[in-house]
Structure formats: C-alpha cells, structure tokens
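Subject: Structure handover

Hello,

Here is the structure I said I would pass on. My notes on what was found in it follow below.

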Amino acid sequence: MTAAEFFDAKMRRFRIASKEPYAWFVTRGPGEGTLDTTLLAGALEAGAEVRFRSRLEPSSADLVATGPQTPDGLARETAFETDGTTRVRVLYDPSVAPGGYAYLFTVGGRGTFGCAIVRDLGGIDRYFEKAKEKLLSVDEIPVEGPRDAYSFMNFALAPEPRRDGRPAAGEAGAFQDYLFGLGMRYAISSGALAADALLTGRDFSALARERFGRRQRVSLVNRYLYEAGGAFGLSLFARFATRMDFRTVLSAFYRPGAVRLALAPLVEALWKNRGLCAHRLPPHWCRAREREIRAPELGRIG
Ligand SMILES: Cc1cc2nc3c(=O)[nH]c(=O)nc-3n(C[C@H](O)[C@H](O)[C@H](O)COP(=O)(O)OP(=O)(O)OC[C@H]3O[C@@H](n4cnc5c(N)ncnc54)[C@H](O)[C@@H]3O)c2cc1C
C-alpha cells in the first residue's frame with residue numbers, strides 16, 4: 001500500500017501517500033498462497049506434524065502460542081466480495097470507534113469492513129453500525145456474500161512471557177502492538193525467537209525483553225497519546241499525515257525514541273490495573289478497565 005484516505009469525525013477526507021509501501025495486504029486462512037498456507041507448508045517441509053481440530057494443554061507444550069486470552073480490544077468485521085477497485089479508507093472518530101478506528105479495504109475483488117474499539121466493548125454492535133453508515137456514505141460499493149466475525153486482542157507488558165510455566169509466543173505471551181493492534185509481525189518474530197531459544201538453550205524471556213520490550217512500551221505511550229488526542233487530535237494527525245511521506249510518519253511513531261520511552265513509566269502508573277485480570281501470565285503490567293481508574297490514582301500521577 002502506498003496510499004490511503006483518512007476521514008475524521010466530520011468526514012473530512014485526507015489523502016496520504018508514501019513512495020515505498022507503508023504496509024501490505026495479507027490474505028489469511030486456508031486458501032491458496034495465503035500467509036497461513038505458506039507457513040503451514042514451511043512447517044510440514046521441516047518435518048512438523050500438524051493436527052487440526054485438536055486441543056493441547058499449554059502445560060504439556062514446549063511452546064505456547066494459543067493467541068489472546070482476554071479482550072483488551074474488540075473488533076467486528078464483515079468480509080465480502082466486491083468490484084476490482086482498490087479502496088483503503090480509515091475513519092478516526094472516537095464517537096463511532098472509541099479508542100480505535102473503523103476501516104474499509106477493497107483490493108482485488110475482496111473487501112473488509114471493520115470497527116475496532118478498546119473502550120465500552122459491550123457497545124461493539126452499535127459502534128459497528130454507526131461506523132458502517134459513515135464509511136459507506138462515501139460512495140456506493142458492491143457488497144456480495146457478506147460474512148461477519150468478531151475477534152479480540154490482548155495487551156500486557158510481561159517481563160516473563162510464559163503460560164503455565166511454558167514459554168509463550170505471539171499474543172499468548174502478550175506480544176502485541178498496542179497502538180493499532182498489529183500483532184502479526186510480533187507473533188511470527190516472537191515465535192521464531194522462542195523456537196531458537198528452545199533449540200539453543202538460551203533464556204527466551206531475556207531475549208524477548210531485549211528485542212521487544214522498548215517497542216512495546218513505546219506502543220503503550222503511542223496509545224495514550226492517541227486516546228488523549230480525542231477527535232481533534234486525530235483530525236490533526238490525519239491532516240499532518242497528508243504533508244509527509246506516510247512511511248516516514250509511521251516509522252517516526254514506531255521508533256522507540258528517548259522522549260516517548262521516558263513517558264512510558266508515567267502511562268504505566270496512570271493506567272495500571274491494580275486488581276485481578278484474565279491474562280494468565282506471571283506478574284505483568286496490564287491496563288485497568290475504565291471503571292477501575294479512580295480519581296485518587298489520577299491525582300497521584302498529576
Ligand atoms: C480484527 C483484527 C484485525 C487485525 N488486523 C491485523 C493487521 O492488519 N495486521 C497485523 O499485524 N495484525 C492484525 N491483527 C492482530 C493479529 O491478527 C494477531 O496479533 C495475531 O494473529 C496473533 O497471532 P497468534 O499466533 O499469537 O494468535 P492467533 O492468530 O489467535 O492464533 C492462535 C491459534 O491457537 C489456537 N489455539 C488456542 N488454544 C489452543 C489449544 N489449547 N490447543 C491448540 N490450539 C489452540 C487458536 O485456535 C488459534 O488458531 C488483527 C487482529 C484483529 C482481532
């Protein structure tokens with residue numbers, strides 16, 4: 001992808017572009033040439049035995065990669081067939097996607113419409129319908145054979161990415177980008193790192209902290225800034241993004257720079273969950289649910 005259209009809460013359109021691709025479309029699932037099929041073929045070639053529709057207890061595995069445990073962010077998506085026009089549209093509007101964003105992608109005859117949120121998760125259907133109405137108001141788009149699905153992501157900072165005493169990769173080990181929930185690269189690279197650590201007898205937790213720790217802390221700060229900006233901040237971000245190469249904008253955001261790393265302990269203290277959670281990880285940082293952030297805690301940080 002080298003271009004996209006961003007929309008703010010007032011449906012003002014901002015066109016962004018980059019010289020080199022700033023992201024790639026990836027096809028998932030069982031079809032030919034998808035990411036999953038390609039990884040499966042590589043595993044089989046390396047001698048792995050793959051069992052479908054079979055559960056393994058994490059405590060009896062060498063490495064756990066069972067995905068997210070609990071919804072810190074929730075998405076509803078519709079996949080459909082459509083015309084051949086390429087459309088990459090993202091709507092930044094906290095009133096229809098609180099803490100998240102809504103998107104409409106159509107590429108090569110396939111389309112996805114989605115709404116991802118990190119607050120008021122119970123309202124996902126309401127937000128989905130509102131976001132759909134807004135994004136589909138831009139133009140008429142053919143929608144054939146729509147299929148709906150819900151999915152979720154989790155986020156935590158886990159110095160020991162383990163589950164049931166076993167090393168955990170991907171979202172099971174809390175490897176995730178908290179800004180936009182883009183965890184595929186984390187899943188693949190933490191899985192490769194964990195496998196390498198197992199084979200060479202090295203300490204996966206230490207390797208993972210070194211490789212991913214700073215990036216994950218910066219993604220937490222990015223998320224804080226993203227939510228704190230509100231509709232006005234997001235509109236400003238979209239406007240700003242039109243003026244620069246978008247790949248450069250994204251690299252700057254994702255680079256673990258000194259200023260944002262210095263802010264991380266403040267955000268961690270402000271958002272810290274001091275109660276129970278469902279992440280099933282050793283001692284870790286995770287975010288308090290909205291009702292758990294109490295005024296005295298906010299006061300202490302300020
Ligand atoms: C709506 C949505 C859109 C996203 N879009 C993007 C994107 O554009 N780019 C990006 O980089 N990331 C994206 N992500 C995030 C990305 O999909 C995840 O971070 C990534 O797939 C996590 O990989 P994983 O292997 O850790 O877990 P998963 O992909 O969830 O895989 C875990 C697998 O383990 C299986 N499993 C669970 N328990 C057991 C058990 N006991 N025994 C055997 N098998 C078990 C599950 O069935 C599942 O197949 C998106 C996420 C969502 C929800």
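Helix H4 (residues 204-242) lies across E1, E2 and E5, and runs at about 60° to E2. Contact here means heavy atoms within 4.5 Å. Axes are lines fitted to C-alpha atoms, for helices over the stretch in contact, and angles run from 0 to 180 degrees between N-to-C directions. Helices (H or I, at least four residues) and strands (E, at least two) are DSSP runs numbered from the N terminus.

This is a predicted model, in which local features need pLDDT of at least 70 and side-chain atom pairs count only at pLDDT 80 or more, while totals for chains, interfaces and linings use all residues. Residues are numbered from 1 along each chain as its sequence is written, and side-chain values use heavy atoms, with hydrogens and water left out.

The sheet

Seven strands form an open sheet with mixed pairing, in the order E2-E1-E4-E5-E6-E3-E7. Two strands pair if DSSP finds at least two bridges between them. At the edges are E2 and strand E7 (144-153), each pairing on one side only. On average, neighbouring strands are turned by 15° against each other, direction ignored.

Strand E1 (residues 3-7) has four of its five residues buried, so the rest of the structure largely encloses it. Buried means under 20% relative accessible area, exposed over 50%, and partly exposed in between (1.4 Å probe, protein chains only). E1 pairs with strand E2 (residues 13-17) in the antiparallel sense over five bridges, and with strand E4 (residues 87-91) in the parallel sense over three bridges. Phe 6 stands opposite Phe 14 in E2 and opposite Val 90 in E4. E1 and E2 form a hairpin with five residues between them, and Met 11 in its turn has a positive phi of about 60°.

E4 also pairs with strand E5 (residues 101-107), in the antiparallel sense over five bridges; Leu 91 stands opposite Ala 102 in E5. Helix H2 (residues 124-136) lies across several strands, including E1, E4 and E7, and runs at about 130° to E6.

The helices around H4

The axes of helix H3 (residues 184-200) and H4 come within 9 Å and cross at roughly 160°. H3 and H4 are therefore roughly antiparallel; angles under 35 degrees count as roughly parallel, over 145 as roughly antiparallel, 65 to 115 as roughly perpendicular and the rest as oblique. The contact of H3 with H4 has eight nonpolar, three polar and two charged residues. Ala, Val, Leu, Ile, Met, Phe, Trp, Tyr, Cys and Pro count as nonpolar, Asp, Glu, Lys and Arg as charged, and the others, Gly among them, as polar.

H4 also packs against helix H6 (residues 258-271), at an angle of about 70° with the axes 8 Å apart. H4 and H6 are therefore roughly perpendicular to each other. The residues of their contact divide into 11 nonpolar, one polar and six charged.

Phe 175

Phe 175 is found in the loop between strand E9 (166-167) and H3. Phe 175 counts as buried, because its relative accessibility is 3%. Phe 175 and Leu 207 are 32 residues apart in sequence and 13 Å apart in space, C-alpha to C-alpha.

Regards
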